[in-house]
Amino acid sequence: MENTIVKAENYNGYFGDNHVVKDVNISINKNEVIAVMGPSGCGKTTFLRGINRMHELIPGATSKGKILLDGENVYDMNAIYVRYKIGMVFQRPNPFPNLSIYENVVAGYMLNGLKVSKADKDVIVERSLTSAALWKEVKDSLHKKGTFLSGGQQQRLCIARAIAMQPELILFDEPTSALDPISTSSVEALFHELKANYTLIIVTHNMQQAARVSDRTAFFYMGELVEFDDTKQMFTNPADQRTQNYITGRFS
Amino acid sequence: MTQLETEISALKSELISMWILVQSQFNKAKEAMVQFDKDLAREVLVKEKRVNSFELKIDRDCENILALHCPVAIDLRFLLAALKINTNLERIGDIAAGIAMYVIESPVNFDLKALEKSQVLRMYEEAVNILMDTRTAFEKEDTILARSIFKRDDVLDKINIEAPEYIAAIIREDIENINESLYILSIIRKLERVGDQSMNIAEEIIFYVEAKILKHQESLNKE
């Protein structure tokens, strides 16, 4: 499909002999918010990290199958370039502690050795912080350390850092699990805004969050993609009994 | 069993208790009509308050479960269905009280022959059975039984449509019957509503168990 941005074809992920993601086939459209949920150890994070080739950084971790980004297999591309195109935000806000808010936003350019003029950096910083709904709060303290911000602000700073590289896709690995409800709600509101320009894949343990923020939801169980459907359908009448058992808390 | 399952199971028991009370009210109103027993009719009116209390309690429990447990899928469908079944049952309770009120208000006894001729007795018996079977369908999550309600409601509708003709015949026989006949016609109109409420309940049972929406479809398409 023309609108497809990411497609997994028979994707398998392993940790040594441990087969953690099994033959996943999934097709994700541009400007969609996708939630990935499932019990601990179901392979959802491994699948996410397979998309931007973070999985292979772990010793003994391997993968098989294809992840197509705009039709091109990421495993045939330069891994650094893949991560340049696919941003990632992690569970705990992780701004660089020794860098200022400003430097954190443009860290991707600095660390990749990309030369950007001061004027362009200013534009990138303002645009990224505005997109991450943080500009108004930090515009007068751009040169303070990022770690001075609250947890929710730090996470939005990490999102701004990801946006600064203008990725095609942003991966979120339980992005609000370390945040309080107010910060969680500001990050969730941000997802709705980011959707206009980016495609988001969010791994979450919080089912209500999946229901609130995503257009479609994928349910993983024991390494398999059990169900992938419209979020409303999934939370009102899931097709698979295992999905129903999981979302209604009847999992034994 | 999770806490949500426990709460849902308790809610289901509560709805069944309300159902039993409403059935009892409906049967007593019938008995009051047939025997022209004004004391029994008054008892129905007094107990109507208990039906209303049930409705409020079940509404509040549904609200609490929705707020505290954020149910999804079959649990969410059950709660949405429970809210509507609760409303429908309360209305059937109102209908039973309305019939009891006619017995109290009527200056003349209802004649058994007129009750038979007007088909109101047959209609009442069918309505009692329908109400009983919707409860069984709910308890056993039996959607086949729930679907059978749609056809049986047609029997009530037919009697309701033919009622003016029967009532006119009774009045023609003896103009003195006019008061009694108008009360009987009003009871028939109320019983027709019991059929509609039971159909709504049957639709909710099917929605809850099968996730199918049958509302606003012709009865033939509901099967």
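These are my notebook entries on a predicted model, taken element by element.

**Entry: the sheet in chain A**

I began with the strands of chain A. I find an open sheet of 6 strands there, with mixed pairing and the order β6-β7-β8-β3-β9-β10. I looked up the edges next: they are β6 (86-89) and β10 (224-230) of chain A, each of which pairs on one side only. From one strand to the next, I note a twist that averages 20°.

In chain A, β3 (residues 33-37) and β8 (residues 199-203) run parallel and are joined by 4 bridges.

Which strands does helix α7 of chain A lie across? I find α7(A), residues 151-164, lying across β6 and β7 (169-173) of chain A. The angle I noted is the one to β6(A), and α7(A) runs at about 170° to that strand.

**Entry: α5 against α7 in chain A**

I stayed with α7(A) and looked up a helix that packs on it. For two packed helices, I record the angle between their axes and the distance between the axes. Helix α5 (residues 118-131) of chain A packs on α7(A) at an angle of about 125°, and the axes are 8 Å apart. I therefore log α5(A) as oblique to α7(A). The crossing of α5(A) past α7(A) is right-handed.

I listed the residues that make this contact. From α5(A) they are Ile124(A), Ser128(A), Leu129(A) and Ser131(A). From α7(A) they are Ala160(A), Ile163(A) and Ala164(A). By class, I count 5 nonpolar and 2 polar residues in the contact of α5(A) with α7(A), and no charged ones.

**Entry: chain B against chain A**

I turned to the place where the chains touch. Here 9 residues of chain B are in contact with 10 residues of chain A. Which element gives the most to the chain B side? I find that α3(B) does, with 4 residues. I also sorted the chain B side that touches chain A by class: 7 residues are nonpolar, 1 is polar and 1 is charged.

**Entry: Ala100 of chain B**

I picked one residue of α3(B) to look at by itself. Ala100(B) is found in that helix, which spans residues 73-105 of chain B. Is Ala100(B) buried or exposed? I log Ala100(B) as buried, because 29 C-beta neighbours lie inside 10 Å, and the cut-off for buried is 20 or more.

I then looked up what Ala100(B) touches, leaving aside neighbours within four places in sequence. The contacts of Ala100(B) are Ala29(B), Ala32(B), Ala41(B), Val44(B) and Leu45(B). I also noted a C-alpha separation of 7.0 Å between Ala100(B) and Arg42(B), which are 58 residues apart along the chain.

**Entry: positive phi in chain B**

I ended with backbone angles. Cys70(B) is not a glycine, yet has a positive phi of about 40°. I place Cys70(B) in the loop between α2 (38-69) and α3 of chain B. Cys70(B) counts as partly exposed because 14 C-beta neighbours lie inside 10 Å.

Ala211(B) is not a glycine either, and has a positive phi of about 60°. I find Ala211(B) in the segment after α7 (178-210) of chain B. With 14 C-beta neighbours inside 10 Å, Ala211(B) also goes down as partly exposed.

Key. Residues are numbered from 1 along each chain as its sequence is written. Chains are lettered from A and ligands numbered from 1 in the order in which they are written. This is a predicted model: local features need pLDDT of at least 70, side-chain atom pairs count only at pLDDT 80 or more; totals for chains, interfaces and linings use all residues. Two strands pair if DSSP finds at least two bridges between them. Helices (H or I, at least four residues) and strands (E, at least two) are DSSP runs, numbered from the N terminus. Axes are lines fitted to C-alpha atoms, for helices over the stretch in contact, and angles run from 0 to 180 degrees between N-to-C directions. Two residues are in contact if their C-beta atoms, placed from the backbone, lie within 7 Å. A residue is buried if 20 or more other C-beta atoms lie within 10 Å of its own, exposed if 12 or fewer, and partly exposed in between; C-beta atoms are placed from the backbone. Angles under 35 degrees count as roughly parallel, over 145 as roughly antiparallel, 65 to 115 as roughly perpendicular and the rest as oblique. A crossing is left-handed if the near helix is turned anticlockwise from the far one by less than a right angle, and right-handed if clockwise. Ala, Val, Leu, Ile, Met, Phe, Trp, Tyr, Cys and Pro count as nonpolar, Asp, Glu, Lys and Arg as charged, and the others, Gly among them, as polar.
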